[in-house]
Amino acid sequence: MKFTVSAKELEQAIESIRVKGKSLTSKGFGNASMGDYIYVVLEGNTLSIVNGSAIFMAKITLSVVGEENGNCVIDATVVLPYLKSFKDNITVAGGDFISITQTGKQASIPKVVNHPAMDALENSLERTKDITWSAILDKLPKFGKTTFEGAFSLTSDQFKSCIKNCELVKSGVYNLNFNKTTTTFSSQQNVQNRYTETITPVSVLGEAATLDYTSPLHNFFDKEQLLNFFVKDDFPLLIVAEDRMILKAPQIGD
């Protein structure tokens with residue numbers, strides 16, 4: 001694997017793919033991350049940066065100057081400090097180790113033998129390989145053999161502002177209710193402590209759907225991105241932007 005890319009772009013992508021923020025954890029509502037092991041795949045001039053587990057997948061694609069296709073797993077905590085110290089374009093090459101070079105500079109870092117959720121990641125990547133972003137909602141994609149039933153578009157700013165308010169409840173579980181014309185997000189601890197917000201999407205398609213999910217998915221997206229949400233009752237939530245997507249299993253029960 002070998003490619004040339006902007007050090008800043010790669011740094012920002014790896015920071016984003018960790019999906020950090022307030023989340024429901026085993027110790028309650030608090031700061032969490034989706035993990036530091038990152039799967040990197042180069043095909044031609046497209047670099048895919050992927051993170052995930054058995055219940056979620058996040059992917060960012062970057063345009064790079066590719067020289068040699070390949071893949072590897074890296075530890076974000078090891079790579080990021082080097083990327084922060086480089087300016088402009090860098091060349092990244094993978095062999096027995098990962099090298100990051102620039103005129104007069106070279107860093108060598110170890111590869112991770114395998115991503116702890118590699119089987120789940122490869123399964124999710126295969127099921128979403130034909131799903132792409134579009135500025136116009138005109139079709140409902142399939143996830144494996146199942147077709148999503150509804151879709152709507154929001155700006156990333158709308159989504160983030162809404163969920164930031166939902167986070168004040170400190171439940172960590174968010175209900176999404178799409179009724180074909182509006183979308184309502186809500187979160188509650190009890191009858192006295194809850195937050196509900198209804199948003200009119202930029203566009204809509206298909207049937208109504210309701211699901212619960214956890215995790216700070218809103219933190220994954222850049223400012224002023226148009227997000228396409230694909231939904232089905234109690235089915236994984238898929239959110240697709242121009243350069244990234246996230247897939248999250250629904251929250252079932254407590």
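This report walks through a predicted protein model, from its overall build down to a few strands and residues.

## Ground rules

Since this is a predicted model, local features need pLDDT of at least 70 and side-chain atom pairs count only at pLDDT 80 or more, while totals for chains, interfaces and linings use all residues. Residues are numbered from 1 along each chain as its sequence is written, and side-chain values use heavy atoms, with hydrogens and water left out.

## The overall picture

The protein has four helices and 22 strands; helices (H or I, at least four residues) and strands (E, at least two) are DSSP runs, numbered from the N terminus. The C-alpha trace spans about 60 × 40 × 30 Å along its principal axes.

Buried residues make up 48% of the 254. Here buried means under 20% relative accessible area, exposed means over 50%, and partly exposed is in between (1.4 Å probe, protein chains only). As for contacts (heavy atoms within 4.5 Å), look at those with a separation of 6 or more: 63% of them come from residues 24 or more positions apart.

## Surface and charge

The accessible surface comes to about 12400 Å², and 46% of that belongs to carbon and sulfur atoms. Accessible areas come from the Shrake-Rupley method with a 1.4 Å probe; for residues, only the protein chains shown count as cover.

On the charge side, there are 25 positive and 28 negative side chains, and the centres of the two sets lie 4 Å apart. Lys and Arg count as positive and Asp and Glu as negative, with His and the chain ends not counted. Each charge is placed at NZ of Lys, CZ of Arg, CG of Asp or CD of Glu.

## Two covered strands

Strand β14 (residues 150-155) is largely enclosed by the rest of the structure, because five of its six residues are buried. Strands pair if DSSP finds at least two bridges between them. β14 pairs in the antiparallel sense with β18 (residues 203-206) over four bridges, and S153 stands opposite S203 there. β14 also runs antiparallel to β20 (residues 226-231), joined by six bridges, with L154 opposite L227.

Now for β1 (residues 2-6), which is mostly covered: four of its five residues are buried. Five bridges tie β1 to the antiparallel strand β9 (residues 89-94), where N89 is the bridge partner of S6. Another three bridges link β1 to β7 (residues 65-68), again antiparallel, and there K2 has E68 as its bridge partner.

## Two residues up close

Is S48 buried or exposed? At 15% relative accessibility, S48 counts as buried. S48 sits in strand β5 (residues 46-52). Setting aside neighbours within four places in sequence, S48 is in contact with Y39, V40, V41, K59, I60 and T61.

R194, in strand β17 (residues 194-199), is exposed, with a relative accessible area of 54%. Leaving out neighbours within four places in sequence, R194 is in contact with V169, S187 and Q188. How far is R194 from Y39, 155 residues away along the chain? Their C-alpha atoms are separated by 37 Å.
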